[in-house]
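Welcome, and take a moment to look over the model below.

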Amino acid sequence: MNFIHSKPVTVVIVNYNSGSLLASCVHAALQQARQVIVVDNASSDTSLTELENELPSKLLQIVRLHNNVGFAAGCNTGLNLSTQPLILFLNPDCILQENSLQRMVKIIESDTQIGMVGGFLVNPDGSEQGGGRRSIPTPWRAFVRAFGLHRLEKLWPQLFFDFHLNSKPLPPAPIEVEAISGALMLVKREAIDEVGLWDENYFLHCEDLDLCVRFKQKKWKIIFIPDAPVVHFQGTCSHSRPFFVTWHKHKGMFRFYRKFFQRQYPKVLMGLVALAVWGRFGLTVMYLSVQYCYRLLKIRI
């Protein structure tokens, strides 16, 4: 591997049953970074086998965990093995486009106060994906979103603010935001050394929001870069276990709100937020159950 044009970046990829996309993800990462580490959370599919068949093992480091420890713990495992001053946490269903990492590195190195950057996450059809740029979903913002009040944003933008920024026009240049997605997160080692590791009490979902909040608390800038595209085949690793993912997603949401906002907001509002989180969980489980029963009936017919 020729490192002359590669960037001083360690790419950490936490894999769980991502299939053939893992090899594509790693291949694209190897074209742009100096070190690639794949942390496998006890996958049961052929993703690692396909990866090893396509790419020589000497080009990357594979860590096989004996059980699924979750996304945050997987990221920390890769982080502890990284050797470069910049670390890119990348989902295995993300494909870096040409020069995207180069652009991200250029921006993060342009300002000593920038601690984290994220690129332009797009769906396979080229449309922008939610989560790549967002504001922190405070309890009030979560309440507004959960009860559909964000539809009133055009009338009262300050009161009924929608934290999903992908509904807004794409900025023409890199812009500071409150949060980006853990699917594509480039960080400076010095910043994460100060802020601390990923919180392993999250298993799946909201651990990226947690990290973003802690970066902001330490006064590190978080930048969204609209001209660093990365294709994200969202849900590839989680579609086979919808109930498992739904449980951990809502459990992570509840932990996030309690951790950062419990002492700042009235108990009544926090109670409503908790009600919204677990109410949403119940509705999601009902929806998934109906889907599951429908598929079973369809198979029998």
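A residue is called buried when its relative accessible area is under 20%, exposed when that is over 50%, and partly exposed in between, using a 1.4 Å probe and protein chains only. Helices (H or I, at least four residues) and strands (E, at least two) are DSSP runs, numbered from the N terminus. The model is a predicted one, in which local features need pLDDT of at least 70 and side-chain atom pairs count only at pLDDT 80 or more, while totals for chains, interfaces and linings use all residues. Residues are numbered from 1 along each chain as its sequence is written, and side-chain values use heavy atoms, with hydrogens and water left out.

Let us begin with helix α7, residues 207–217. The rest of the structure largely encloses α7, because 9 of its 11 residues are buried. The buried ones are Glu207, Asp208, Leu209, Asp210, Leu211, Cys212, Val213, Arg214 and Phe215. What lies over them? Contact here means heavy atoms within 4.5 Å, and the elements covering the buried residues of α7 include the helices α3 (71–81), α6 (189–195) and α8, along with the strands β6 (114–122), β8 (184–188) and β9 (221–232). Just after α7, lysine 219 takes a positive phi of about 70°.

Two packed helices are described by the angle between their axes and the distance between the axes. Axes are lines fitted to C-alpha atoms, for helices over the stretch in contact, and angles run from 0 to 180 degrees between N-to-C directions. The axes of α7 and α8 (residues 242–261) come within 10 Å and cross at roughly 20°. That makes α7 roughly parallel to α8; angles under 35 degrees count as roughly parallel, over 145 as roughly antiparallel, 65 to 115 as roughly perpendicular and the rest as oblique. The crossing of α7 past α8 is right-handed, meaning that the near helix is turned clockwise from the far one by less than a right angle, with anticlockwise being left-handed. On the α7 side, Leu209, Asp210, Val213, Arg214 and Gln217 take part, and they meet Phe256, Lys259 and Phe260 of α8. Sorted by class, the contact of α7 with α8 has 4 nonpolar, 1 polar and 3 charged residues. Here Ala, Val, Leu, Ile, Met, Phe, Trp, Tyr, Cys and Pro count as nonpolar, Asp, Glu, Lys and Arg as charged, and the others, Gly among them, as polar.

Now turn to α3, which is mostly covered, with 8 of its 11 residues buried. These are Phe71, Ala72, Ala73, Gly74, Cys75, Asn76, Gly78 and Leu79. Their cover includes β1 (7–15), β2 (33–40), β4 (86–90), α6 and α7. Within α3 sits asparagine 76, which counts as buried at 2% relative accessibility. Leaving aside neighbours within four places in sequence, asparagine 76 is in contact with Leu197, Trp198 and Glu200. Its C-alpha atom is separated by 9.7 Å from that of valine 39, 37 residues away along the chain.

Leu22, Ala23 and Val26 in α1 meet Ser47, Leu48, Leu51 and Glu54 in α2. This contact of α1 with α2 has 5 nonpolar, 1 polar and 1 charged residues.

Finally, which residues of α4 (residues 100–108) are buried? They are Ser100, Leu101, Met104, Val105, Ile107 and Ile108. Because they cover an arc of only 165° around the axis, they lie on the same side of α4; the arc is that of the directions from the helix axis to the C-beta atoms. An α-helix has 3.6 residues a turn, so residues three or four places apart point the same way. Glutamine 102, also in α4, is partly exposed at 41% relative accessibility. Not counting residues up to four places away in sequence, glutamine 102 touches Lys7 and Gln32.
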